[in-house]
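Here are my notes on the model, as numbered points. Please read them with the structure open.

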Amino acid sequence: MDFAALMSKELDKSKESTPASSSSKYIKRADVEAKRREEYLAEQARIEAEREARATAKRKREEDEATEKKIREEKRQKLAEESRRRREEKEAEEERARRKRLGLPELVKASSEDVAEVENGMEDIPDEELAGKLRALGEPATLFGEGHVARLRRYRRLTTVVTKGPIPTTLQLVEEKDMKVDSAVPKDQDGRRWLFRQLASYFTMVLTEYEKAMEQERRDTTASKTAYSAMVQSRENLKPYTDAV
């Protein structure tokens with residue numbers, strides 16, 4: 001083989017290998033950007049999935065904690081109620097024994113109307129919370145021989161004022177045409193409440209006119225001062241009756 005044939009053969013080999021080497025050495029820019037974008041989207045999807053998983057786990061922990069807290073609170077209230085009931089029973093038993101030893105009459109238990117009032121109308125308050133509210137008002141937490149219903153009614157009277165006349169009352173007053181009472185005392189609770197409203201309205205009207213008359217006739221004399229003092233004393237004496245209803 002001569003030199004020319006050898007060179008021609010080598011040139012043919014280099015021509016055959018050139019396209020393969022160039023295709024493996026150079027890559028299109030669009031392909032690079034597409035691959036980079038694909039990797040970026042995959043990474044973002046992975047991060048979002050991890051974030052969602054963490055958020056789901058956090059929500060589940062919070063829900064579990066809220067459920068456990070609610071269960072603990074219900075147990076605490078139940079135990080507090082049971083403790084209060086046992087304490088009241090013990091105090092009532094000790095009081096009955098003391099009164100029996102001293103020859104005193106037994107205490108009157110809460111009537112079914114009082115219990116129904118708590119169940120049907122009056123908002124009940126746990127005994128410990130009720131005692132704290134009474135102390136905050138500057139009132140004793142409990143009075144001698146006072147039960148839970150009586151304490152609740154006392155707190156309601158102290159915090160609820162519907163009218164601010166001469167004798168403030170928690171009862172809604174009625175018009176003068178509705179103040180006339182029936183001869184028979186009602187037996188049902190609604191009838192008794194209506195009677196209390198009639199009485200409170202009547203005494204409020206009378207004392208208001210009484211006070212106006214005394215103010216008009218007020219003089220710097222002994223007789224005028226005595227009459228005015230009698231009016232004030234009458235007004236103060238009627239306040240416990242309005243509190244009782």
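1. Which residue's side chain meets that of E215 in a salt bridge? The partner is R218, at 4.0 Å from N to O. In this predicted model, E215 is partly exposed at 40% relative accessible area, and R218 is likewise partly exposed at 45%.

2. On the overall fold: the chain has seven helices and zero strands, giving the pattern α-α-α-α-α-α-α along the sequence. Of its 245 residues, 17% count as buried.

3. The largest nonpolar core consists of five residues: I125, L130, L134, L152 and Y155. Helix 4 (127-136) and helix 5 (148-159) are the elements that contribute two or more residues to this core.

4. The structure contains 24 salt bridges. One of them joins K60 and D64 at 3.3 Å, N to O. These two residues are four apart in helix 2, so about one helical turn separates them. K60 is exposed, at 52% relative accessible area, whereas D64 is partly exposed at 35%.

5. K177 and D178 also meet through their side chains in a salt bridge, at 3.5 Å from N to O. Here K177 is exposed, with 64% relative accessibility, and D178 is partly exposed, with 27%.

6. A network of salt bridges links E81, R84, R87, E88, D127 and R151.

7. E62, E63, E65 and E68 form a negative surface patch. Of these, E63 lies in helix 2 (residues 29-102) and is exposed, with a relative accessible area of 53%.

How values were computed: Residues are numbered from 1 along each chain as its sequence is written. This is a predicted model: local features need pLDDT of at least 70, side-chain atom pairs count only at pLDDT 80 or more; totals for chains, interfaces and linings use all residues. Side-chain values use heavy atoms; hydrogens and water are left out. Patches are made of residues with over 30% relative accessible area and no salt bridge: like charges are joined within 9 Å, nonpolar side chains (Val, Leu, Ile, Met, Phe, Trp, Tyr) within 5 Å. Accessible areas come from the Shrake-Rupley method with a 1.4 Å probe; for residues, only the protein chains shown count as cover. Lys and Arg count as positive and Asp and Glu as negative; His and the chain ends are not counted. The place of a charge is taken as NZ of Lys, CZ of Arg, CG of Asp or CD of Glu. Buried means under 20% relative accessible area, exposed over 50%, partly exposed in between (1.4 Å probe, protein chains only). A nonpolar core is a set of buried Ala, Val, Leu, Ile, Met, Phe, Trp, Tyr and Cys residues joined through side-chain atoms within 4.5 Å.
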